[in-house]
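Here is a short note on the structure below. Please read it with the model open.

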Amino acid sequence: MTALVTFGETMLRLSPPRGERLETARELEVQAGGAESNVAVAAARLGHDTAWFSKLPNSPLGRRVVGELQSHGVDTDGVVWDDEHRQGLYYLEHGVSPRPTNVVYDRADAAVTTLETSETDLDAVRDAEICYTSGITPALSETLRETTIDVLAAAQEAGTTTAFDLNYRSKLWTPEDAADAYRDLFGSIDVLFAAKRDAETVLGRDGDAESIARGLAADFDFETVVVTRGVAGSLAFTDGEVYEQGVYEAETHDAIGTGDAFVGGFLAKRLDGGDVAESLRWAAATASFKRTIEGDVAVVTPDDIERVVADEGDGISR
């Protein structure tokens with residue numbers, strides 16, 4: 001049995017050296033990055049059998065994605081290969097004040113947008129302990145929206161715990177379109193992760209994080225709702241109880257993928273048998289550690305995270 005199965009788009013990230021602009025760069029660093037594969041990598045590096053599936057072009061670029069994920073211990077046997085479509089890309093230009101970091105997406109007509117339910121291995125999803133995806137996946141195409149509905153429903157019906165991060169991206173769809181899609185999925189989700197700003201912007205939720213978590217759990221019957229709130233830390237609501245967690249101090253080198261590291265750390269600790277409070281601590285520590293690492297993925301070990309938790313206690317709210 002695979003502990004965690006994730007699915008969604010993974011792009012290749014192309015970055016000029018720090019301090020250079022995209023329009024003048026002569027070199028670009030290449031790395032793989034995608035919300036769902038980032039979560040799979042974090043959980044794999046924290047000691048769990050994980051798998052990621054998607055649809056990729058049968059090309060050197062598609063194989064580059066698979067090779068990088070495999071190097072972190074992620075099973076990619078469920079990848080569907082495509083001979084007609086392309087590999088999604090994004091360009092990241094790191095900024096420093098007053099110049100902001102800039103992201104340029106080049107993902108139109110990516111192979112993943114054509115992934116249909118019939119092409120997926122639903123048995124792998126049914127046999128997993130946890131199945132995870134995020135709101136980025138159904139945003140990419142109507143086909144992927146339907147596939148996401150089918151995969152999560154099949155997982156939950158089989159007794160697999162389903163986890164979902166709103167992960168709202170304004171460059172992909174409007175708040176209204178996102179809300180419609182989320183509501184189609186909510187009946188098949190056990191554990192919801194939501195940035196407070198996303199719950200406010202997309203779902204129209206007001207109030208503090210606890211009110212948002214309680215309201216979402218009551219309205220949609222989620223087992224657990226985790227609300228993240230940036231430097232103010234995180235909060236989880238489950239079984240009528242509220243748990244709060246501060247952040248761990250970090251010197252930020254690369255913030256991309258921090259939220260995915262948080263989710264990966266949380267799910268990894270739950271797979272270890274940890275309770276929600278322990279899982280929040282693990283999530284916060286993994287997110288903090290990720291901020292010190294170049295690239296999208298959290299290149300961590302259990303010893304790394306245990307040391308952060310031991311050194312910093314429950315974390316601090318800043």
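Which residue stands opposite threonine 6 in β10?

1. It is tyrosine 132. Strand β1 (residues 4-7) runs parallel to β10 where the two pair, over three bridges. Strands are DSSP runs of E with at least two residues, and helices are runs of H or I with at least four, numbered from the N terminus. Two strands pair if DSSP finds at least two bridges between them.

2. This is a predicted model: local features need pLDDT of at least 70, side-chain atom pairs count only at pLDDT 80 or more, and totals for chains, interfaces and linings use all residues. Residues are numbered from 1 along each chain as its sequence is written, and side-chain values use heavy atoms, with hydrogens and water left out.

3. On its other pairing, β10 joins strand β11 (residues 161-165) in the parallel sense over five bridges. There, cysteine 131 stands opposite threonine 162.

4. Strand β10 (residues 130-134) is largely enclosed by the rest of the structure, because five of its five residues are buried. Buried means under 20% relative accessible area, exposed over 50%, and partly exposed in between (1.4 Å probe, protein chains only). In a regular strand the side chains alternate between the two faces of the sheet. Ile130, Tyr132 and Ser134 point one way from β10, while Cys131 and Thr133 point the other way.

5. The protein chain as a whole has eleven helices and 15 strands. Buried residues make up 55% of its 318 residues. Its C-alpha atoms fill a box of roughly 50 × 45 × 40 Å along the principal axes.
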